[in-house]
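Subject: Structure handover and notes

Dear colleague,

I am passing on the structure we spoke about, together with my notes on it. Please read the notes with the coordinates open beside them.

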Amino acid sequence: MAYKYVKYEKEGEIATITFNKPDKMNSYVIISVGDDFKEVLDAITRAEEDDEVKVIIFKGAGRCFSAGQDLSKVGFVYGFGTEKTDARPSQRIRLKMDRMGISDGYKRFFFCSKLTIAQVHGYALEAGLMIAMLCDFFICSDDCMMGFPGQRIGFAGGGEHTFGHLMMTVGMRRALDLYISGRQINGVEAERIGLAGKSVPADQLEGEVKKLAKELCLMPRDGIRIGKACRELFYDRMGLTDSFAYGYITHTLFTNVKHEPGEFNFFRERREKGAKAAFHEKDEIREQAAKTVKKAKKSK
């Protein structure tokens, strides 16, 4: 299959899947599995069905790993703003679309039969960070930035399938901080709190990932596959398997958020100002509120 939104390369026992939408900061239509994300999933299948492949490296083309969901498409996949559905799309349509992407789509990374490495540079935001978290190994550059800024749209710490993964990785307090605040951290801090396995200077990232991939290839194919299957049993007992069902159902719940007067409404702002302006406006509101609080403290 010839890919438009993904680059697939293979060198010996190592396959590299590169997110290839640099003009969109490698953002994909993950909810509902758009044509672009279908290519990502197809590339994973291609690597899994190649018995020679032992390791898959995920990386991003251009300036970042992935900015996550394509916010210019969020909501429209349910029928918002179209004649496909009523003004408020049905629950069955929302649940169907969310399951396709959040449950069925993300599972492909977590339960991939090959060993997986996330090579993160630039930005890993929202879905991009979730993908990196679901890989077996997570190596990033010191200067990269990662977080869940999309939570500021109105989720306020819910509606995502990776909260359980994040909590078990960095602890409940840090997980709540990252999810609810939507703040971003760099690679150095990500390694310090255990979110990333390793952080290295940007010019060493490629070499560090290749070194790890070659070391992993020293293991037998059967050993790799058995190990993955065994860990799946432990993940199931820990409840991480259930997180995908939790994620898509609660995401559907959060698409029903009612905005009261004065509350930031991303969909309204996107309609009036465009996706980019709307997304940045939520941060500007937070920054202005923080400045107001700081000014009030100084005046006391």
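This is a predicted model: local features need pLDDT of at least 70, side-chain atom pairs count only at pLDDT 80 or more; totals for chains, interfaces and linings use all residues.

The protein chain has 11 helices and 11 strands, and of its 300 residues 50% count as buried.

**Helix pairs**

I begin with helix α2 (residues 91–110), which packs against helix α9 (residues 243–254) at an angle of about 150°, the two axes lying 8 Å apart. With the limit for this class set at over 145 degrees, that angle makes α2 roughly antiparallel to α9, and the crossing in which α2 passes α9 is right-handed. On the α2 side the contact is made by Q91, R94, L95, D98, R99, I102, S103, Y106, K107 and F110, and on the α9 side by F244, A245, G247, Y248, I249, H251 and T252. Sorted by class, the residues of this contact of α2 with α9 comprise 8 nonpolar, 5 polar and 4 charged.

Helix α2 also meets helix α1 (residues 35–48), and here the axes come within 11 Å and cross at roughly 35°. This crossing of α1 and α2 is left-handed. The residues that make the contact are F37, V40, L41, I44, T45 and E48 of α1, together with G105, R108 and F109 of α2; by class, they are 5 nonpolar, 2 polar and 2 charged.

From α4 the contact draws on F163, L166, M167 and V170, and from α5 on M172, R174, A175, L176, L178 and Y179. The residues in this contact of α4 with α5 divide into 9 nonpolar and 1 charged, with no polar residue.

**Two residues**

Y3 lies in the segment before β1 (6–11), and with a relative accessible area of 19% it is buried, the limit for that class being under 20%. Not counting residues up to four places away in sequence, Y3 touches Y8, E39, D42, A43 and R46. One of these, E39, is 36 residues from Y3 in sequence, yet the C-alpha atoms of the two are 6.6 Å apart in space. The side chain of Y3 makes a polar contact with the side chain of D42 (2.5 Å), and a polar atom of the Y3 side chain lies 3.4 Å from the backbone nitrogen of A43.

S199, which is found in strand β11 (residues 198–200), is likewise buried, with a relative accessible area of 11%. Its side chain makes a polar contact with the side chain of D142 (2.5 Å). Leaving aside neighbours within four places in sequence, S199 is in contact with C140, S141, D142, G187, V188 and E191.

Note on methods:
Residues are numbered from 1 along each chain as its sequence is written. Side-chain values use heavy atoms; hydrogens and water are left out. Helices (H or I, at least four residues) and strands (E, at least two) are DSSP runs, numbered from the N terminus. Buried means under 20% relative accessible area, exposed over 50%, partly exposed in between (1.4 Å probe, protein chains only). Contact means heavy atoms within 4.5 Å. A polar contact is a pair of N or O atoms within 3.5 Å; within protein, one must be able to donate a hydrogen and the other to accept it, and residues adjacent in sequence count only if both atoms are side-chain atoms. Axes are lines fitted to C-alpha atoms, for helices over the stretch in contact, and angles run from 0 to 180 degrees between N-to-C directions. Angles under 35 degrees count as roughly parallel, over 145 as roughly antiparallel, 65 to 115 as roughly perpendicular and the rest as oblique. A crossing is left-handed if the near helix is turned anticlockwise from the far one by less than a right angle, and right-handed if clockwise. Ala, Val, Leu, Ile, Met, Phe, Trp, Tyr, Cys and Pro count as nonpolar, Asp, Glu, Lys and Arg as charged, and the others, Gly among them, as polar.
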